[in-house]
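Hi,

Here is the structure I promised to pass on. My notes follow below it.

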Amino acid sequence: MDQNTRRNPYPVYAELRRNRPVCQVKGGIWVAARHADVMRIAKDVTSFSSSGFRVILSPPTIGPNPVAESILALDPPNHTQLRALVSRAFTPRNIGRLEGRVTDIANEIGDRLRDMGEADLVAELAGPLPARIIAEILGLDPALHREFKRWGEHLAVITPATVDPLASAIRSSIGEMERYFKEVIAARRRNPREDIVTDLTRAEVDGVKLSDPQIISFLFLLLSGGFETTVNLIAHAMMILSARPQDHDRLRAEPHMIPAFVEEVLRYEPPLQGLPRVCSADVVIGGQFIPAGSLVVGLIGSANRDESLYHDPDQFDMDREQHGALAFGHGIHFCLGAALARLEGRLSLEALLSRFRRLQQLPGEITYTCAISLRGPIAVPMRFIPG
């Protein structure tokens, strides 16, 4: 959680992979740094329970948190049935129908950035675009996108060490969200619409429907995970473009390479850095014995730079062949919103590349969020040079 490490955790990850691939760190948490071990943690749902998210997201200082009761923190068979229900809202058709709206919002923001010349990348682009899209997806009041952003940010920074006054602010946001989502669900049951909330109220598998608490927990998850991960993806993509003008020029000349660029951003600077799990039984992983009940975090950010899988892993290379990057998890818990995040990342890049011949990050130290799973910049001052 040290800011120097948050800004660049990759040398620490490399040291762990070399000398302490599975080890215990501050707070009694075990971490795994190598790709093979992180992949096992993601795939072996019998030995590694997703209730690790519950440990992290509902510490005593926060209390009940619907995200900790969502599919994110469930194991089979409960996870299997619930995922089958909520996945009905994430069909290719539902994601595809958003492309035009994402394009419109990205172009609108691009025009505003051209007028501004200089702005905070996170406050003006990386935050507003996914917040407005989440509002569109859920059929929520777009005027509340600033509240969505605040709610999403609060949910994303919960750790077992969260204390007042931040803990108090987070509890307040959780209460606001629960009240608002209950009102929205009741309204959709009375008057259905073409949106995901309506789809969730109608979803049914083998005669089983979602309860209101289950819908609320999924909406919490969508707002936190679906928002914050995309914010971090967009912010890092633009920071990399600023640092690599040769890639900026190439993408302007070869826009068909934008999806490959996005994939390399996801490997190089994954929005999700850690995968928390609880050992369901005594396990041996990477040659290390870990007792049952221990909290284990698979370091996705480290796995994505494992030398055994990637040539020159600390080099950004959009021509790289992808080899099992874990940006959105793996297996039964692979992120439902991955396609949407990629869509927003691609279209935000298209909007900026068509307007600006250069992005120039302004001097100053960047502060990063402090969370076990997510990592991204809080603010990035940027100059937008038209061309």
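Start with strand 7, where both faces are covered: Gly274, Pro276 and Val278 on one side, and Leu275, Arg277 and Cys279 on the other, are all buried. Buried means under 20% relative accessible area, with exposed over 50% and partly exposed in between (1.4 Å probe, protein chains only). In a regular strand the side chains alternate between the two faces of the sheet. Helices (H or I, at least four residues) and strands (E, at least two) are DSSP runs, numbered from the N terminus.

A word on the source. This is a predicted model: local features need pLDDT of at least 70, side-chain atom pairs count only at pLDDT 80 or more, and totals for chains, interfaces and linings use all residues. Residues are numbered from 1 along each chain as its sequence is written, and side-chain values use heavy atoms, leaving out hydrogens and water.

Which strands pair with strand 7? Strand 10 does, antiparallel, over five bridges. There, Gly274 has Leu299 as its bridge partner. Strand 3 (residues 48-49) also runs antiparallel to strand 7, joined by two bridges. Phe48 partners Cys279. Two strands pair if DSSP finds at least two bridges between them.

Now helix 17. Of its 16 residues, 12 are buried, so the helix is largely enclosed by the rest of the structure. Among them are Ala338, Glu344 and Leu353. Its residues 338-353 should span 22 Å at 1.5 Å a residue, and the end C-alpha atoms are 22 Å apart, which agrees. The expected span is 1.5 Å times one less than the number of residues.

Best wishes
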